[in-house]
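Subject: A structure to look through

Dear colleague,

Please find below the sequence and the structure that I promised to hand over.

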Amino acid sequence: MGTNADNVTEVKGFLPRSIRYARDINEDFSEALASFYTAVWEDREDGLSMKEKHLLVFSIACSNNNSESAVKILERLKKFGATRTEITDCMMIAAWTGGIQNFTDFSRQVLEQMDKLEF
């Protein structure tokens, strides 16, 4: 893998499956997909911080009832200095946008991981 995949791994904390699968198909395709990730997660002047970007994707994962992703994102949020209050605000926004049933479904796993990570 090239530099783009390395950048993605640094930001995400792991190499996303989509890039690994793309690599199995074609190296250029894999690098193009990694380049897309790099562009999205690039730190831009006057743009969202890494913490803010991760809070957004955390909210979206929760809203979509994707507990597996939400739990993984918590590790990145810890790295980027998110607070428990910021995370619970995101959970409440997710309840608002995704519905109370999604909130009920994702909350147990997320709260358990938050305790493990000592938020």
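On one side of helix α6, Thr-85, Met-92, Ile-93, Trp-96 and Thr-97 are exposed, whereas the buried residues of this helix are Ile-87, Cys-90, Met-91, Ala-94 and Ala-95. If you look down the axis of α6, its buried residues fall within an arc of 145°, so they line one face of the helix, and the exposed residues listed above are on the other side. Please bear in mind throughout that this is a predicted model, so that everything I describe is computed from it.

What do the buried residues of α6 pack against? They pack against α4, α5 and α7. One example can be followed from the side of α4, where Ser-59 has its place in a helix made of residues 50–63. Ser-59 counts as buried because its relative accessibility is 12%, and the cut-off for buried is under 20%. Leaving aside the neighbours within four places in sequence, Ser-59 is in contact with Cys-90 and Ala-94, and both of these are among the buried residues of α6.

As for its dimensions, α6 has 15 residues and reaches 20 Å from its first C-alpha to its last, which is close to the 21 Å expected at 1.5 Å a residue. After α6 comes Gly-99, whose phi is positive, near 100°.

Next come the charged side chains. Side chains of opposite charge can pair when their charged atoms come close. In this model the count comes to 6 salt bridges, and I describe some of them here.

Which parts of the chain does the pair of Asp-115 and Arg-84 link? The side chains of Asp-115 and Arg-84 meet in a salt bridge, with 3.6 Å from N to O, and this pair links distant parts of the chain, since Asp-115 is in helix α7 (residues 100–116) and Arg-84 is in helix α6 (residues 84–98), 31 residues apart. Asp-115 is exposed, with a relative accessible area of 52%, while Arg-84, at 32% relative accessibility, counts as partly exposed.

The closest N and O atoms of Glu-112 and Arg-108 are 3.6 Å apart. Glu-112 counts as partly exposed at 42% relative accessibility, and Arg-108 counts as exposed at 52%.

In helix α5 (residues 67–79), Glu-68 and Lys-72 are separated by about one helical turn, because they are 4 residues apart, and their side chains meet in a salt bridge with 3.8 Å from N to O. Glu-68 is exposed, with a relative accessible area of 54%, whereas Lys-72 counts as partly exposed at 37%.

Rolling a probe the size of a water molecule over the atoms shows where empty space is left. About 390 Å³ of space lies in the largest pocket, and of the 18 residues that line this pocket, the closest to its centre are Lys-12, Phe-14, Pro-16, Ser-69 and Lys-72. Which helix gives the most to the lining of the largest pocket? It is α5, with 5 residues, and α2 (17–25), α3 (27–41), α4 and α5 each supply at least two residues of the lining.

Asp-46 is found in the loop between α3 and α4, and its phi is near 65°, a positive value in a residue other than glycine. With a relative accessibility of 78%, Asp-46 counts as exposed, because the cut-off for exposed is over 50%. Asn-65 lies in the loop between α4 and α5, and its phi, near 60°, is likewise a positive value in a residue other than glycine. Asn-65 counts as partly exposed, at 29% relative accessibility.

With best wishes

Methods: Residues numbered from 1 in each chain as written. Predicted model: local features only at pLDDT ≥ 70, side-chain atom pairs only at ≥ 80, totals over all residues. Heavy atoms only, no water. Buried < 20%, exposed > 50% of the residue type's maximum accessible area, 1.4 Å probe, protein only. Contact = heavy atoms within 4.5 Å. Salt bridge = Lys/Arg side-chain N within 4 Å of Asp/Glu carboxyl O. Expected span 1.5 Å × (residues − 1). Arc of directions from axis to C-beta. 1 Å grid on protein atoms, 1.4 Å probe; cavity = no way out; pocket = protein on both sides within 12 Å on 5 of 7 lines; lining within 4 Å. Points joined across faces, edges and corners; volume = space filled by probe spheres on them.
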